[in-house]
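Open the model in your viewer and keep the sequence panel beside it. The stops below say what to select and what is there.

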Amino acid sequence: MPLNPTPLFELERLHFAYSRRPVLNCQRLELPAGQAIAFVGPNGSGKTTLLKLLNGLVGPYQGTVRFAGRPLPGNAELRRRSVYVHQHPVLFAGTVRSNLVYALKLKKFRGRELEERLQSAAQRLGILELLDRTAPHLSGGETQRVALARALAIGADVLLLDEPTSSMDRASDLALRDILITLKKDGLSLLFSAHDDSLVAGLADLVCLFDQGKPEPLVPAGEHYR
Amino acid sequence: MGALRHSLELLFSGDREIWWTIGTTLQFSFWSTVLAIVPGVPAGAALFLGRFRGRRALAATVNAIMSVPTVVIGLFVYSFLSRSGPLGGLGWLYAPAGVIAGQSILAFPLVIAMTYTGLQKLDPRYHETLLTLGAGRWRRLLGILKEGRFVMLQTVLAALGRVSGEVGVSMMLGGNIRWYTRTITTTIALEAGKGQFERAVALGVVLLAIALIINMASHLAVRDAA
């Protein structure tokens, strides 16, 4: 195992603005792979924007962002391995099954492999009984689990989650936390924004504090709460 | 009231010329809308999906072109289709093809602008979800158009309304030739000029009905989308 493995994401002299309004400023930040990293900070501090930027959903920006050692724009590996999940995820019209099938077909999975991946992801996220339900009629917690299942089905091992447990009832919140902890144990990289200290304390390995668009260096979660 | 009654009698007596004019107008409007929609919708969607410098300036330019008077568009196309113009050899001037071409050019910027602004009103999470799941440019375009089908319907109806009610292009490029290029609006202009208001009012009522139907359909489309 190399002593200094390539970080999952590297940010250098990053500057991003929405219509000339600065949103993100970062001199240097490295985000290691296989960790649960929490982005913590007040509303409007740039957490969601950074998660979207890391997934190539917003741009253009000044500076450099690398994923697995390669610059972001046009990085096919990023698109293959990472999925961003909204705070309130979008499921397309149709059933839960058709949502998963659509995502799998986008990645060119067909036939038996498609079905195996679908079943495996649905089982992992505990949504087997939801497969034939109409997707837009699901509760917030169910929608979040389907969105995660969709990401896992297509083989994503880097999940960028925007406040994954917000606006959920207690039972759904706890169920999702358990799922996220299991995914972390399975070796997935989880980058998530959160306001809920108990979620950060229970899930995160590392914490990145945001202050007015400036992400600070990572600290171990235990140290953050000391 | 007497004149209106005479006009309606003329309309419902099955006057062959009146109904031929209505049919021709609808035919011209249909084909010019189709010819404006086919390139206009993808162009508007590309403007929405594109991430390039000058995108907003381009959108503003398209919006500005939309407000150019129809007679100016007619004059512009006339310069191309006239005998000495670059497309004079086609023989489209004072022919149905000329009217349809002119009306298509008239509706084209409207279609681009309405598609662009309509898609901007869609939930941005939809496009981001398609992107994060790895949908390519064409898949995203199709997905966005599917999601924005009510926007598309409204755009089609607006284009239809624009071309069916215009007079400048039809008059300049069609020449208002009886049983050949005469439309509702050019007939109204001609008959009113001659002081024969029954025919003009009868066709005015039809034009009003067309406009009302288009507006009601557009309103229903927006209501369904909401």
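Helices here are DSSP runs of H or I with at least four residues, strands are runs of E with at least two, and both are numbered from the N terminus. The model is a predicted one.

**Stop 1: chain B as a whole**

Select chain B and colour by secondary structure. How many helices and how many strands are there in chain B? Chain B has 11 helices and zero strands, and its order of elements from the N terminus is α-α-α-α-α-α-α-α-α-α-α.

Of the 226 residues in chain B, 45% are buried. Among contacts in chain B between residues at least 6 apart in sequence, 75% are between residues at least 24 apart. Now show the surface of chain B. Its accessible area is about 11600 Å², and carbon and sulfur atoms account for 67% of that. Colour by charge next: chain B carries 20 positive and 10 negative side chains, with 12 Å between the centres of the two sets.

**Stop 2: a nonpolar patch on chain B**

Select B:Phe76, B:Phe80, B:Leu87, B:Leu90, B:Trp92 and B:Ile105. Together these residues form a nonpolar surface patch with about 520 Å² of accessible area. Centre on B:Leu87, which sits in the loop between helix 4 (70–81) and helix 5 (96–120) of chain B. B:Leu87 has a relative accessible area of 38%, so this residue is partly exposed.

**Stop 3: helix 10 of chain B**

Select residues 184–194 of chain B, which are helix 10. Which residues of this helix are buried? The buried ones are B:Ile184, B:Thr185, B:Thr186, B:Thr187 and B:Glu191.

Zoom in on B:Thr186, a residue of helix 10. Its relative accessibility is 0%, and therefore B:Thr186 counts as buried. Leaving aside residues up to four places away in sequence, B:Thr186 touches B:Val167, B:Ser170, B:Met171 and B:Asn176. Then step to B:Gly195, which follows helix 10 and has a positive phi, near 85°.

**Stop 4: a positive patch with residues from both chains**

Select A:Lys105, A:Lys108, A:Arg110 and B:Arg139, which form a positive surface patch. A:Arg110 is in the loop between helix 3 (96–106) and helix 4 (111–124) of chain A. With 45% relative accessibility, A:Arg110 counts as partly exposed.

**Stop 5**

Over all chains, a search of the whole structure finds 23 salt bridges. Three of them are picked out below.

Begin with A:Glu10 and A:Arg28, whose closest N and O atoms are 3.8 Å apart in a salt bridge. This pair links distant parts of the chain, as A:Glu10 is in strand 1 (residues 9–18) and A:Arg28 is in strand 2 (residues 21–31) of chain A, 18 residues apart. Are these two residues buried or partly exposed? A:Glu10, at 11% relative accessibility, counts as buried, whereas A:Arg28, at 43%, counts as partly exposed.

Next, select A:Glu77 and A:Arg81. Their side chains form a salt bridge, 2.9 Å from N to O. Both residues are in helix 2 (residues 76–81) of chain A, four residues apart, which is about one turn of the helix. A:Arg81 counts as buried, at 17% relative accessibility.

Move on to A:Arg177 and A:Asp196, a salt bridge with 2.5 Å between the closest N and O atoms. A:Arg177 is in helix 6 of chain A and A:Asp196 is in the loop between strand 8 and helix 7 (197–203), so the pair ties together parts 19 residues apart in sequence. A:Arg177 is buried at 11% relative accessibility, while A:Asp196 is partly exposed at 28%.

To finish this stop, select A:Glu10, A:Glu12, A:Arg28, A:Glu30 and A:Arg66, which are joined into one network by salt bridges that share partners.

**Stop 6: a glycine in a chain A loop**

Select A:Gly187, in the loop between helix 6 (170–185) and strand 8 (189–194) of chain A. A:Gly187 counts as partly exposed, with 44% relative accessibility.

How values were computed. Residues are numbered from 1 along each chain as its sequence is written. Chains are lettered from A and ligands numbered from 1 in the order in which they are written. This is a predicted model: local features need pLDDT of at least 70, side-chain atom pairs count only at pLDDT 80 or more; totals for chains, interfaces and linings use all residues. Side-chain values use heavy atoms; hydrogens and water are left out. Patches are made of residues with over 30% relative accessible area and no salt bridge: like charges are joined within 9 Å, nonpolar side chains (Val, Leu, Ile, Met, Phe, Trp, Tyr) within 5 Å. Accessible areas come from the Shrake-Rupley method with a 1.4 Å probe; for residues, only the protein chains shown count as cover. A salt bridge is a side-chain nitrogen of Lys or Arg within 4 Å of a carboxyl oxygen of Asp or Glu. Buried means under 20% relative accessible area, exposed over 50%, partly exposed in between (1.4 Å probe, protein chains only). Contact means heavy atoms within 4.5 Å. Lys and Arg count as positive and Asp and Glu as negative; His and the chain ends are not counted. The place of a charge is taken as NZ of Lys, CZ of Arg, CG of Asp or CD of Glu.
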